[in-house]
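These exercises are to be worked with the sequence and the model side by side. Each task is followed by a solution that goes step by step.

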Amino acid sequence: MKKIEAIFKPFKLDEVREALSEIGVSGLTVTEVKGFGRQKGHTELYRGAEYVVDFLPKVKIEVVIAESMLEAAVDAIVKAARTGKIGDGKIFITSVNQVIRIRTGETDEAAI
């Protein structure tokens with residue numbers, strides 16, 4: 001099993017969720033986060049004063065899937081989240097040793 005963590009622009013969330021749903025991903029966790037990468041934030045004007053916005057709003061999704069679905073899930077996220085502009089985001093993939101569904105006690109792929 002693999003865990004995919006993807007961080008991308010908030011307005012792309014619905015597209016990413018729909019793309020994952022189309023390939024059979026049944027659940028995911030969404031967190032609103034802030035951060036920056038190469039873009040290093042930007043400046044904004046507020047009531048005539050200029051200030052630096054260091055941390056930009058992003059969305060992070062987490063999904064645990066069977067290894068056989070990994071490539072399709074990553075492709076779906078990349079296609080749905082890409083705008084072609086700086087700040088599109090990142091995808092991190094890690095191995096998951098065990099999953100347990102609390103309600104039923106099911107484990108591993110049965111618990112996904």
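**Exercise 1.** In which element does Arg 17 lie?

Solution. The model is a predicted one, in which local features need pLDDT of at least 70 and side-chain atom pairs count only at pLDDT 80 or more, while totals for chains, interfaces and linings use all residues. Residues are numbered from 1 along each chain as its sequence is written, and side-chain values use heavy atoms, with hydrogens and water left out. Arg 17 lies in helix 1, where helices (H or I, at least four residues) and strands (E, at least two) are DSSP runs numbered from the N terminus. With a relative accessibility of 41%, Arg 17 counts as partly exposed; buried means under 20% relative accessible area, exposed over 50%, and partly exposed in between, with a 1.4 Å probe and protein chains only. Its C-alpha atom is separated by 13 Å from that of Ile 4, which is 13 residues away along the chain.

**Exercise 2.** Determine which residues of helix 1 are buried, and what they pack against.

Solution. Begin with the buried residues of helix 1, which are Val 16, Ala 19 and Leu 20. Seen down the helix axis, these buried residues fall within an arc of 95 degrees, so they line one face of helix 1; the arc is that of the directions from the helix axis to the C-beta atoms. An α-helix has 3.6 residues a turn, so residues three or four places apart point the same way. The partners against which the buried residues of helix 1 pack are strand 1, strand 5 and helix 2. Just after helix 1, Gly 24 takes a positive phi of about 100 degrees.

**Exercise 3.** Describe the largest nonpolar core and the elements that build it.

Solution. A nonpolar core is a set of buried Ala, Val, Leu, Ile, Met, Phe, Trp, Tyr and Cys residues joined through side-chain atoms within 4.5 Å. The largest one here has 18 residues, and those with the most contacts inside it are Ile 4, Phe 8, Val 16, Leu 20, Ile 61, Ile 65 and Ile 77. Two or more residues are given to this core by each of strand 1 (2–8), helix 1 (13–22), strand 5 (56–65) and helix 2 (70–81), and the largest share, seven residues, comes from helix 2. Taking Ile 4 as an example, and not counting residues up to four places away in sequence, its contacts (heavy atoms within 4.5 Å) include Ile 61, Ile 65, Ile 77 and Phe 92.

**Exercise 4.** Are Glu 5 and Lys 9 buried or exposed, and which polar contacts do their side chains make?

Solution. Glu 5, found in strand 1, is buried, with a relative accessible area of 18%. Its side chain is joined to that of Lys 60 by a polar contact of 3.4 Å; such a contact is a pair of N or O atoms within 3.5 Å, of which, within protein, one must be able to donate a hydrogen and the other to accept it, and residues adjacent in sequence count only if both atoms are side-chain atoms. Lys 9, in the loop between strand 1 and helix 1, also counts as buried, at 15% relative accessibility. The side chain of Lys 9 reaches the backbone oxygen of Ile 86 at 3.4 Å, and the residues that Lys 9 touches include Lys 58, Gly 87 and Asp 88.
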